[in-house]
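Open the model in your viewer and keep the selection tool ready. We will go stop by stop.

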Protein chains: 4
Amino acid sequence: MNIPTSALSMPDAKEKCGLFGIFGDPAAVDKCFLGMHALQHRGQESAGMAVTDGEMIQGYTGMGLVGEVFDKDRLQKLTQCGQTAIGHVRYSTSGASHAGNAQPLLVEYSRGQVAVAHNGNLVNASLLRREYEEHGHIFQGTSDTEVIIHLLAKPTHVDKPDPLKHVLNHLQGSYCLLFLFPDRIEAVRDPYGIRPLCIGQLENGAYVVASETCALDIVDATLVREVEPGEIVTINADGISSRFFDGPNSVKPAHCIFEHVYFSDPSSMIFGENVHQVRAELGRQLAREAPADADVVIPVPNCARCAAGGFSEESGIPYDRGFTVSHYAGRSFIEPSQPMRDLAVKMKLNVIREVVKDKRLAVIEDSIVRGTTTKGKMGALRRAGAKEIHLRIASPPIRFPCYYGIDFPSHDELIANDKSVDEIRDYLEVDSLAYISLEGMLSCVKKENDNYCTACWSGNYRIPVDHQVSKFSLERYQMKMFD
Amino acid sequence: MNIPTSALSMPDAKEKCGLFGIFGDPAAVDKCFLGMHALQHRGQESAGMAVTDGEMIQGYTGMGLVGEVFDKDRLQKLTQCGQTAIGHVRYSTSGASHAGNAQPLLVEYSRGQVAVAHNGNLVNASLLRREYEEHGHIFQGTSDTEVIIHLLAKPTHVDKPDPLKHVLNHLQGSYCLLFLFPDRIEAVRDPYGIRPLCIGQLENGAYVVASETCALDIVDATLVREVEPGEIVTINADGISSRFFDGPNSVKPAHCIFEHVYFSDPSSMIFGENVHQVRAELGRQLAREAPADADVVIPVPNCARCAAGGFSEESGIPYDRGFTVSHYAGRSFIEPSQPMRDLAVKMKLNVIREVVKDKRLAVIEDSIVRGTTTKGKMGALRRAGAKEIHLRIASPPIRFPCYYGIDFPSHDELIANDKSVDEIRDYLEVDSLAYISLEGMLSCVKKENDNYCTACWSGNYRIPVDHQVSKFSLERYQMKMFD
Amino acid sequence: MNIPTSALSMPDAKEKCGLFGIFGDPAAVDKCFLGMHALQHRGQESAGMAVTDGEMIQGYTGMGLVGEVFDKDRLQKLTQCGQTAIGHVRYSTSGASHAGNAQPLLVEYSRGQVAVAHNGNLVNASLLRREYEEHGHIFQGTSDTEVIIHLLAKPTHVDKPDPLKHVLNHLQGSYCLLFLFPDRIEAVRDPYGIRPLCIGQLENGAYVVASETCALDIVDATLVREVEPGEIVTINADGISSRFFDGPNSVKPAHCIFEHVYFSDPSSMIFGENVHQVRAELGRQLAREAPADADVVIPVPNCARCAAGGFSEESGIPYDRGFTVSHYAGRSFIEPSQPMRDLAVKMKLNVIREVVKDKRLAVIEDSIVRGTTTKGKMGALRRAGAKEIHLRIASPPIRFPCYYGIDFPSHDELIANDKSVDEIRDYLEVDSLAYISLEGMLSCVKKENDNYCTACWSGNYRIPVDHQVSKFSLERYQMKMFD
Amino acid sequence: MNIPTSALSMPDAKEKCGLFGIFGDPAAVDKCFLGMHALQHRGQESAGMAVTDGEMIQGYTGMGLVGEVFDKDRLQKLTQCGQTAIGHVRYSTSGASHAGNAQPLLVEYSRGQVAVAHNGNLVNASLLRREYEEHGHIFQGTSDTEVIIHLLAKPTHVDKPDPLKHVLNHLQGSYCLLFLFPDRIEAVRDPYGIRPLCIGQLENGAYVVASETCALDIVDATLVREVEPGEIVTINADGISSRFFDGPNSVKPAHCIFEHVYFSDPSSMIFGENVHQVRAELGRQLAREAPADADVVIPVPNCARCAAGGFSEESGIPYDRGFTVSHYAGRSFIEPSQPMRDLAVKMKLNVIREVVKDKRLAVIEDSIVRGTTTKGKMGALRRAGAKEIHLRIASPPIRFPCYYGIDFPSHDELIANDKSVDEIRDYLEVDSLAYISLEGMLSCVKKENDNYCTACWSGNYRIPVDHQVSKFSLERYQMKMFD
């Protein structure tokens, strides 16, 4: 049993990908590497980079962390390939995880080379794919990104004055895209602005794009602004320029609030707000909605620490560390000869017994997906002597699948799908359990409520989904099997 | 400087690929592995296998030797994927050698999955590719095999009663192809029969196909027959069946005689004859055409040993080993801090001084391509005390590029391109040099002269080549750079 | 430039090693693996295990993290070697880091086999080694552990009724030792009790020993007690038994207080107290001694989080996260083509700008060694807009080298060696800087002051050190060079 | 099942090691690498090098082929360590094959550093080891080389005017040794001259030592002479000097004739003669002693090719290739899901059917050890249609174990141990079988008969062996288990 970091530290949800791009910097490859490293939390399965010198695009992708795929030697070789680069990190899952799907996807079509990196999920990818197959196209991978390139290569598109616009108007779902052409980067965000994408500038004037601002910080870039929903930002030798493929503000945004709750780095600015501060406010709101009669507030590391701070502040109950975290869990392989209780939890976390013993705990968690690891953590607190456990969740119960890029487990595996809060409380064996309300959560972010997607909690899907077509329907076949 | 085995043991010529397929055997994956191992001399760069259980095709490809790409663990996993498999080994070169081009190529199109493995070279691949790109198709690699699949997926083809026939009628050049569909293997040989392909049968009745009969031997299969030029052989649950896509005997065959001279294993039956025996006859004919007044006949290992035996037999001059061969050269990496004379030769060969000292040598080599390694070998003999060196070449001077699948160096690098035999003799610093004549060479094989391709010697290209389109014109861009 | 996790997360101090042992459990190897994983923070350079079935001892050591050295395959093979095991993790440094020094050290002497694992540093190792060399002994590595085995093998020792006692009486310095004989584990702690070592018991009755209690927790063992200073605890088929080799309480203990400050896991019980709680108290005392007029208390992750909590609690200034931590830094290799400011810090930490901007910060750090990374972190806060930075250190200035097992940089590199607090403040460019006092620090731990070693702060070396003999004097030669 | 090259190409006998040394050359490390590569046939398990700049010795050892252990990077680093080096290749076996036994062994003793590389086997190693253990010494590996260093470090030896002489006088068995001290190489050969060792000189004047002359050739060194039995040759800044530790010609030599029959490279000069020429003469003598009524002479590759040439020459029966050899067998791993007949043979060899079909074959093999692979090869010939098989062996039946450095299988596994020639013929299912006679074999080498060791054929052990002490008695314990 390989217990990857992700399995241990994540609440069973996996998002697809982080993006980074940089145009015209002598250290473009090094900085792209650093930007990808700063976005590593958005995907640990594979990493890839495509680089151009203005004429030819070359690339490399591999399975593993950024620092594993790109060693010193490869970075040196890539540096010789040009001063403009895009990079991509991809999430880890057992299913369709294979080298063939690593990005950026680099192809050749009638207009030359193009590399594409994608963060999101297209809801009409299967439909488009079937259509293209009917026209004789072949598909080598199972990612929906391949579909986008087929659209781009379409003869009726390439002759249009602005082919990219036509391509994007065919896409339905969530997508932040970086296109690398030999002479430019095109950065695109879907009209709903579901996933984040921002623009920064280095001191030397070079522009960068990144999924989160934490990737700007690591290369000392200053945040210029977010890419707007429905916008195409072109970065080339003339600087940046902008156009809208769908008209600005053609639809209300549907920002993924789960980015704030769980995915993004606490240091990042997302949808106009700092993630850490949103999480702290979620904690405060949670304390207001669901106070707990407790001696100490304990976060479940790592994600819930921000919310736990807010809960403590609002409630006046002191904050303390109840768990220590192993930084080495992702590297450990063990398949015990005897079954060992909650091994996955124990490889990652250890309880500080003296903090929890004989105490009434307010335990703060960001979300519950399957519930199995949460149960393990609660059990560990109980065995360490906790007198009472009052579990508070800084997001509402997840009841619906996400079709816009979060890889939740199947509907049936979501614990809140068919269990009431009381039933979940009993399953987790805690003394009390409360979730923040949907309204409460929405009150913690700045924009109007209808600017956010709440589908996984409310079932209100802003972009229609053909329910016949399942989320990963492209993966009818696994093209390559092992990596 | 990485000195791969191939660079040392081959006369600067590299051929593309070996094929193996097996239908309906519980040990299909193991046997495919063994067959690929037996064909390893046809390609050391990458190896791949696609396997089907009748419904889904799964595959794995990797860079390196068969035994490196497929370890025990992978073989076990693949064995669970089905009882029908095709395998491919690919040649090693520095140019377009990368994982993206490894085969079999596994894709999905409107009719489902298909995996394709190819041995040969299409002369109209660039043309076809440009045409498809104009129709909006995208290309992810640089191998001409990808073009074949686009042809297969073409809507006007898929609806035909026998789509494969239509696909094959569009291909020009040399090709042996294995198509793996979920329910069958289709084995194809071009109308000229340029590359070899044969059918065998196991004791349990299962059919196999392979580039050479040596791959039948390793799995204890009996040779049934060769796939005929222009034939499609289908292997499925009903056994084998045959059809011709171009009419049987539509054109005269153009068997690649270099397969006999150099590429194929001496134990194999190729174009109706045993390779070793053809080579021995080449040696005898060489002795008749270009006798040498020598004390001993010395082969240049490994390939010329068969011809040297024939030369000795015909001339009555005793045969002896003048060189020993290192079996470990392919694994050695060294970039000496000081230049060392003929290092590449020395890593592979050592002279047996006592055999050559003060002797007049008749040295037999199969062919000369660039001449540089040959020069190194002759120098080593001279330094070991050879009194006279009479070099005899068991094939005529190579003066023209091959467009049908042999990766000779560029025209300019072929030593016989712009040097006379006397000039080559002077360059190599040998006492005399003679090549077998083209007629002499043709007299050593069984079929009528006009059944063979002699383009690299005669410039007589049986299949017209658009000379504007260079041999590897698909590689306008290197899609992926390092592996 | 390889930036290992340790270089980034540690204040330039590296300790030697963690120990784990288990006797008589069918899953001994798995549990030893888990125990070593839980102690991974004590050493990331190499890992090793020795296992016995009661007759033969077998072992394996390798460079890297526990989960890298021991994969599933090796664990299975080792499991077949027995039900009693000892394990060792070793610190990472560039100097004498090589496979030859990995432990446990497994040798054969006149009484059979023995494996030894060591945590600490002998101050008389060079002296003993020279003495043994004069008697004709040879040394294959540079660790002082090898000296211990030579002592054990000494003919005048092996015939004594209790040879181990005689061996231990020759050792000067700090040492926790695990000896694995085919029939037993002997766990030893030096008379000063400098490093921690504890005994635990599993539900099935099997005994374990470990450097820290966090390694008991991961295998669900209950803490029985610490191994006493000067005690030998034997674990064999009869359970545990104890004897003292130096008389109980022969000297006052000299517990390493740096274990509390920095090395040990916050969840562990060390020297009778919980590490987290000691750290929190250090924070409270620091607030009492050196209050700061600040808006927010910010810990430098990860180690200072406990102290920052205490500082916040005592001062009433709210606690907040100012940094986020990358969990992937240890895997990243980059040597930028252009110099990049504070890259090592940025690979590991990112500032949450919104938390620190325009704020007066009380920044809590556990210790300052060289000062370079601290300077980088302070610079990052300043660039993020901090108005004032009041740095508070939860341990006194480190002015003296450690000869008892902490691998501080050389005397000259310790920033407090020749700089006053004011000078350090100016170097770090912070608005104010204060350290906790030595007395203040000692007031935060339970035992009498003279029970602790304070040498690195006070220069008061409880065990005399021959200053002619430098700390790593055994490494006159590097036996093996690269790993 | 991992089928290493050695298992396939060797007649079940494995020798220990090859040695190379070079003093005072700027490219010493590169040349040592090349020399070790040229000696790779003497050991494929591990490779190691120790290098000195005149003051410090540094080294590196690893498991695998020379080219695998020493990549470009390591060679560059080692080149910076000095201009004098010794290297060692070690044989491959499953038993005590582990990194701990890789050589050169580099240690520190009272006089500083020394590195030692050994080819041979000491018959009194166990005795000496027990003695040293009784004196309190510890042993970390199982190779007898470690014993030699303990002797060297002995206080009563180090003070002697010539300590090495005293050390060597304690050794019984076969040994060629290279000692690397910071200022010199000492090359030693045992008084019986059992294993080969020679001295060469480069054009730049630098001296080299090597197990075989083929390693001189690869670095363009000229053979100076062999190291004499009982001689110590010192190579230092003054050139070479010689002394005898046992008096010159103190005993009759006992050269290992198996070096000629099987181990050494055909190009090498060994014991004053060229290996290839001795083998050819063995073939001629075999033809005289045991003629065969055959159509064709077929060698079993690779080793018997020289002898087959001689057999053909003497008998007048034409020589032909009956087998082709895979150069890739060593890299292949396969554990078939179904048993496959003679898989190990088939992975390495393939029969050229057309050569053997309906023919009466005189098959020449160099030796038979276990007989299992020989049986597989004969079966392959039979299945390919051979009418008659007359097997001729170019050495007598191996009936006794070797205690001087050849790792034959145990006594019981030697097929000639308890089977008559007729019984072996029946087991192998050949039509006739004959071995060369001992006298016949001895007539093929130049020196007087009593200058050779014939123990494995005759049981006449020139150096007394304590039969209580088995050949690998040091391996009471396996110190490390997996590599």
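How many residues lie between E9(B) and E10(B) in their hairpin? Select both strands and look at the turn: there are five residues between them, and B:Gly205 in that turn has a positive phi of about 95°.

Some ground rules come next. This is a predicted model, in which local features need pLDDT of at least 70, side-chain atom pairs count only at pLDDT 80 or more, and totals for chains, interfaces and linings use all residues. Residues are numbered from 1 along each chain as its sequence is written, while chains are lettered from A and ligands numbered from 1 in the order in which they are written.

**Stop 1: strands in chain B**

Stay with E9, residues 198-201 of chain B. Helices (H or I, at least four residues) and strands (E, at least two) are DSSP runs, numbered from the N terminus. Strands pair if DSSP finds at least two bridges between them. E9(B) runs antiparallel to E10 (residues 207-210), with four bridges. Select B:Gly200; its bridge partner in E10(B) is B:Val208. Four bridges also join E9(B) to E11 (residues 222-226), again antiparallel. Here B:Ile199 has B:Arg225 as its bridge partner.

**Stop 2**

Select B:Phe271, in the loop between strands E15 (269-270) and E16 (273-274) of chain B. Its phi is positive, near 50°, and the residue is not a glycine. Most residues other than glycine have a negative phi, and most peptide bonds are trans. Is B:Phe271 buried or exposed? B:Phe271 is buried because 21 other C-beta atoms lie within 10 Å. The cut-offs: buried means 20 or more, exposed 12 or fewer, partly exposed in between, with C-beta atoms placed from the backbone. Now jump to D:Phe271, where phi is positive at about 55°.

**Stop 3: a cis bond**

Go to chain A. The peptide bond from A:Gln103 to A:Pro104 is cis, with omega near 0°. A:Pro104 sits in the loop between E4 (84-90) and E5 (105-109) of chain A. In chain D, a cis peptide bond joins D:Gln103 and D:Pro104.

**Stop 4: where C meets D**

Show chains C and D. Here 31 residues of chain C are in contact (C-beta atoms, placed from the backbone, within 7 Å) with 31 residues of chain D. E5(C) gives the most to chain C's side, with four residues.

**Stop 5: a buried cysteine**

Finish at C:Cys456, in helix H19 (residues 455-458) of chain C. C:Cys456 is buried, with 29 other C-beta atoms within 10 Å. Its contacts beyond four places in sequence include C:Phe258 and C:Phe408.

Methods. Two residues are in contact if their C-beta atoms, placed from the backbone, lie within 7 Å.
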